[in-house]
Amino acid sequence: MSGYRLARGGRIDRNRPVAFRFDGRDYSGFAGDTLASALVAGGVTLLGRSFKYHRPRGLLGMGAEEPNALVTVDRGPARITPNLRATQVALHDGLVASSQNRWPSLKFDVVALNDVFGALFPAGFYNKTFMWPRAAWEALYEPVIRRLAGLGESPVARDPDHYDATYAHCEVLVIGGGIAGIEAALDAAQTGGRVILIDDQDDLGGGALSDAALWPLLTDLKARLAGCANVTVLGRTTAFGYYHQNFIGAVESLTDHLAPAEATGPRERLWRIRAGEVVLAQGAIERPLVFDGNDVPGVMLASAGRTLALRHGVAVGRAVVVMAAHDSGWRDALAMAEAGVTIAAIIDIRDVVPGDLAEAARAAGIAVHTGCAITHVSGRHAVKGVTFAAAGTGPERHIACDAVLMAGGWTPSVHLWSHGKGSLAWSEAWGAYLPGTAIENCRAVGACAGAWSLGSGVITAVLPNRKPVRAQKAFVDFQNDVKARDIHLAVQEGMRSIEHIKRYTTNGMATDQGKTSNLNGLQIASTVLGRPVADIGLTTFRPPYTPQTFGALMGHHKDALFQPVRKSVIDDWATAQGAVFENVSNWRRARYFPRGGETMEAAVLRECAAVRNAVGMFDASTLGKIEVVGPDAAEFLNRMYTNPWKGLQPGRCRYGLLLREDGFIMDDGVSARIADDRFHLTTTTGGAARVLGMMEDYLQTEWSDLDVWLTSTTEQWAVIALQGPMARAVIAPLVEGIDLDGAAFPHMAGREGTIAGVPTRLFRVSFTGELGFEINVPAHEGRKVWDAVHAAGQAHGITAYGTETMHVLRAEKGFIIVGQDTDGTMTPADMGLDWAVGKKKPDFVGKRSLARPDMDAPGRKQFVGLLTEDAGELLEEGAQVVADPDAPIPMPMIGHVTSAYRSAAAGRTIALAVIADGRARIGQTVFIPMPGRVIRAKVTAPMFYDPEGSRLNA
Amino acid sequence: MILIHCPYCEEDRPEVEFTYGGQAHIARPLDPAALDDAEWESFLYIRSNPRGRHAERWRHAHGCARFFNAIRDTVTDRFEVTYKAGEQAPDGAAR
């Protein structure tokens, strides 16, 4: 193909030249060009290399359907967008683009050897070949295949652009701005409702932009549209998905069509539109013909040739041959001839074509060959000529040419219709699926509804040829390099459903989702199987209609807005102290407070020792909290938790264990009875919402007779855990209205009073095994009380500690963390928490499940401690435990390590684990195989410090 | 984004405000201890999985926080009707 700019014509502005670069060379086009039209005008034929065979490829289409001309556009550092269709890249000054999937250069590609050995790469080749040895898959096959068979390279730097997002509502949404779409929008506007018209091009008009005869009508329609105040037109906007209840996702391109200096503001905008009615006017896409050599650069759709000539003033070549099976090819040829393009010949597979078309062609001096088919295309990087024969098998004749246009009929674009789950109906006349019955309030108009006359034609599978299909390079899916013979092979190998054929051959699975290949693939499968197309089915269309950027879909939801971070009122203080943080569900929690250049290990050992020897303070505000109020509050908790609650006296606390109805541990926490009808519940930090949801479920749907109210109070309370032998001494001067004496305020008591002048619910509870308090104060006073406690603690050597230290201290005492030591399959008995199950209670959530035989069967995993033989050895959490390290692989695993720390109190490492029949193995040695070695450990009770619990009651 | 009608708020609200709650009209037995293992298994795990109309529970979690029931078509995702907890399912809905 040697394209050139026609002397006149087109909708380009010849007074506004535009300079751009492609593959490092300078080119020039005009305002109104696309990158594709400007390149063709500049004589560029070769625009890419194919996915699998690295075959040279040129332009095929002129819009969203383009499978070959995928380019990478470089808008400056970190602004690199791969895989854009050159046909949809608007030309602007300073545009820098490059071709893809070629090495070292587009013209000379080493991997094109794949093509020479093409017979080695049939359908299913990768599945069949690269199977053995297994290790080679990761080390060799996959990296090499990925390098060779790829599209553009993803940018690696952070995207500096920002993306907008908005919602819109309208009575009527029209998708597609061709004549049919504009008319639908004008009709809808008459009713006075809000109308939105979406179109993906730079200019409204769709196919009419390529038909000069329609330009006056278009001008008139656009003027009327501009006069409708209730119509919003969104240009350069692609409706990519049609979701339930007329909810449409669309992306508007805001700056990509502008020169870099003019591109300010967000790059794209995501529109989420809810419409009363959706009118689809997406038009139709022309279908390629399948014949030997149909992918040689210079072979393209007739509609593309027409658009280039009529809209962009570009001739695709100096001698153009049209291969038609449809009237539209003749009309395109005639329009192009009139625009100044030399049409060497029209070949049509049909014996008879409409007389007026044949007559007009002859009058235009075009050679006409009906009843004939192209049998071969010569040229590799560009078309040099075609061979054709009567019925494909007669004596061959040759025509020298530099471009071939295919007119294989039209495929109505039913993509969005199908997203909306509308049914499809096979139309013999179109040889395509048309919209059937809608589920949503939706209708299709124009060509996508089959309601547009593009003439008539015949639908062919593969053009007739003397050569067998397997000897032809006749492509069906250009982007995924699927040939007609691959579909033959798939059927031969037993595929019957189009869904299987699609996956076996990858036909229609590329980024274009088979816009030009699906129906040809169906037609070929139908012919080979000898069954009607409608029997074979159609693959499912799914969003997005065209690939979209992650940036647009993400919009403002990045950085701090990606997921809101919950911070306690002590967070500022911890930050100022240089705390290292960790995320726990959505909360940001201080993990440890390093001093100087301390490592985590050193900081945690120091913090642990401080709590055991003096006193430590910990921000426990993230604990989930629920206020349970009402005359039936105790009865409700009695039914929810495993242990009895009705006998709990006001002023007392109790550890509560919550099961799911299936009997497995869901959550735990200490709760206090504030009054007869009022409880202060706590849950785990991560489980708060889940627990409240579960409790509401039972309360609303099972026990609606109970008079109880649940209120989430997690955010209302700041909680300071004060732990260690000096804890009482620290708060004594601050507390009023509560007798702190050990006898008056024993372990598991809760009192109300004030601390530092602030009302408090003070609980004497401990998650460390030390004398301890949890100071609950209103959140807005939390920082004030924290500062007062911290100041009062200075005389006692108070040390702030973080979640890591909290974890170690509780592990030393064998207190579980739900979700770390349990995994959703552990019962109270498994975890040694039988004591927390009320045996006399007639019912509680999960009780019946605990009576299932498997729930106390031998072999269940049980919660135990592990001490490694080497006291300095720290086990890995999650490591598997085995009884016999010499057992053959796969080695039977008897459990796993759930927690492991360095313990200051124990003077060595400690670990917790769940191990099958673990309690019976106490004293035995088990093994933890790790890469290259096996660690030996002794099973112990899950208790490493103060087993008598004497410190708790100090 | 489906719009779901909350029968308590009496408004159509976007689906992100709601959470799914499984099949509707399965009452927790009043005396679980009276059930044998097979009966308890049936209550706990056995659910219908119809292609079509399905009676199911939803919760307006980020709204009024109430649980309610709905008849949804599992093929089209269409909500035929939503109704308050405790009300009878419309006739013909899969149980």
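A crossing is left-handed if the near helix is turned anticlockwise from the far one by less than a right angle, and right-handed if clockwise. The crossing of α8(A) and α9(A) is left-handed. α7(A) also passes α8(A) in a left-handed crossing.

This is a predicted model, in which local features need pLDDT of at least 70 and side-chain atom pairs count only at pLDDT 80 or more. Residues are numbered from 1 along each chain as its sequence is written.

Helices here are DSSP runs (H or I, at least four residues), numbered from the N terminus. Axes are lines fitted to C-alpha atoms over the stretch in contact, and angles run from 0 to 180 degrees between N-to-C directions.

| Helix pair, chain A | Angle | Axes |
|---|---|---|
| α8 (residues 327-339) and α9 (residues 355-363) | about 30° | 10 Å apart |
| α7 (residues 302-310) and α8 | roughly 25° | within 9 Å |

α7(A) and α8(A) are therefore roughly parallel (angles under 35 degrees). Contact means heavy atoms within 4.5 Å. On the α7(A) side, the contact includes A:Ser303 and A:Arg306; on the α8(A) side, A:Asp332 and A:Met336 are among the residues.

**Nonpolar cores**

A nonpolar core is a set of buried Ala, Val, Leu, Ile, Met, Phe, Trp, Tyr and Cys residues joined through side-chain atoms within 4.5 Å. Buried means under 20% relative accessible area (1.4 Å probe, protein chains only). The largest core has 82 residues, and A:Leu35 and A:Phe291 have the most contacts inside it. Apart from it lies another core, of 39 residues, including A:Cys653 and A:Tyr901.

Terms used: Chains lettered and ligands numbered in written order. Heavy atoms only, no water. Helix = DSSP H or I, 4+ residues; strand = E, 2+ residues; numbered from the N terminus. Buried < 20%, exposed > 50% of the residue type's maximum accessible area, 1.4 Å probe, protein only. Parallel < 35°, antiparallel > 145°, perpendicular 65-115°, else oblique.
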